[in-house]
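Please keep the sequence and the structure in view while reading.

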Amino acid sequence: MVETAVVLGPGGPVGTAWLAGLAAGLRREGADLGAADLIVGTSAGAIVGAILASGGDLGRLAVLPPPAKPGGVRIDPQRLAEVFATLRDTELERAEVLRRIGRLAVTASTGDEDAAIARMRSLIGTAEWPDRPLLIPAVDAETGVAVIWDRHGSASLPQAVAAGIAFPATAPPITVDGRRYIDGALRAGTNADLAGDARVVIVAEPMAHMSGTNGVTAGEGVVVRLVPDAEAIEAFGPDVNDRAMWGPAYQAGVRQAPDAARRIRACSVIA
C-alpha cells in the first residue's frame, strides 16, 4: 500500500505557476511534496510533478522562462470555441466528445510539436524520467482512449509532459509511436483515482473554484485538499492562459504554503 500520494491537477499557465509556488513554499516549510511515494501530475500538474519527482529547482519558475525554441505554441481561438462548445454538448456520449475534440485538436493551428516538447524540456529541467514513481495521463486524440505515462512507457519525460498538457486548440497534440495525444485532464479531471489506496492523498487543485473538486476520495485513507484562496483567485485574473499573471500566481502559491504545510504535517509522513 502506498503511504502518501500527491495529486497535482490541471490549471493552464496560471495554475502551473500557483502549483509551482505552493510546492516551492512547502519545500521551504519542510513539507516536500517530492518526497511522496507516488506523484500524479495532470496537465499543469504534470510540469510541477515532473520537477518534484526529479528533485528539481521550483524557484526557477518564480518568473516564467522564455520559450526554448523560436516559433513556439499558440492558441487557435476559433477551434478553442468549438472545443468548449463540444464539451458542453450534453447530448453527446463522453467517448464521442473526446473523439470530436481530438479531431479539433489535430486540425487546430497551435504551432510546432517539437517546439512544445522543447518548451517542456526547458521548464522541467531534465529529459530523463525520475526513479520516483510519477504518473502522467494523456488521451489518444483519435480514439479518446487514455494512456498513463510512466518511466516504463515509450514516451520521453518531455514528450509525456507536452502530451499531458496539450489541451485542444491551446497546444499541439504530441506524437508518440505514431499516435497523437492530448491533455490528460480530459480523462478524469485531476485523475485522483490513480492515487489508488494511498493512506494519505494530498490533492492540489488550481482550478477548484472553476470546476469543483471532482469528489476526490481515498478509500479508508485521508485526503488533504489544497485549493487557491480568495486572494489567490484574485491574483489569477479571469484567464488561466494569461501568462502575464504567472508571477502573481506563483507568489500566491508561496503565500499559501505555511498553512498548507500545517495541514499536511497533521497527517502525513512527508512533513
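## A buried asparagine in a loop

Asn191 sits in the loop that runs between helix 7 (185-188) and strand 7 (200-204), where helices (H or I, at least four residues) and strands (E, at least two) are DSSP runs numbered from the N terminus. The model is a predicted one, in which local features need pLDDT of at least 70 and side-chain atom pairs count only at pLDDT 80 or more, while totals for chains, interfaces and linings use all residues. Residues are numbered from 1 along each chain as its sequence is written, and side-chain values use heavy atoms, with hydrogens and water left out.

Asn191 is buried, with a relative accessible area of 0%; buried means under 20% relative accessible area, exposed over 50%, and partly exposed in between, using a 1.4 Å probe and protein chains only. Its side chain makes a polar contact with the side chain of Arg187 at 2.7 Å (a pair of N or O atoms within 3.5 Å; within protein, one must be able to donate a hydrogen and the other to accept it, and residues adjacent in sequence count only if both atoms are side-chain atoms). Not counting residues up to four places away in sequence, Asn191 also touches Val40, Thr42, Pro137, Gly184 and Ala185, contact meaning heavy atoms within 4.5 Å.

Val83, in helix 3 (residues 77-87), is buried with a relative accessible area of 0%. Leaving aside neighbours within four places in sequence, Val83 is in contact with Ile101, Leu104, Phe167, Pro168 and Ala169. Val83 and Leu104 are 21 residues apart in sequence, yet their C-alpha atoms are 6.9 Å apart in space.

## An enclosed helix

Eight of the eight residues of helix 6 are buried, so this helix is largely enclosed by the rest of the structure. Among the elements that cover its buried residues are helix 2 (44-54), helix 5, strand 3 (134-140) and strand 4 (146-149).

The axes of helix 5 (residues 113-124) and helix 6 (residues 157-164) come within 8 Å and cross at roughly 110°, the axes being lines fitted to C-alpha atoms, for helices over the stretch in contact, with angles running from 0 to 180 degrees between N-to-C directions. The two helices, helix 5 and helix 6, are therefore roughly perpendicular to each other; angles under 35 degrees count as roughly parallel, over 145 as roughly antiparallel, 65 to 115 as roughly perpendicular and the rest as oblique. Across this contact, Ala116, Ile117, Met120, Arg121 and Ile124 in helix 5 meet Leu157, Pro158, Gln159, Val161 and Ala162 in helix 6.

## Positive phi angles

Most residues other than glycine have a negative phi. Ala169, which is not a glycine, has a positive phi near 75°; this residue lies in the loop between helix 6 and strand 5 and is buried, with a relative accessible area of 0%. Asp177, also not a glycine, has a positive phi of about 50° and lies in the loop between strand 5 and strand 6, where Asp177 counts as exposed at 64% relative accessibility.
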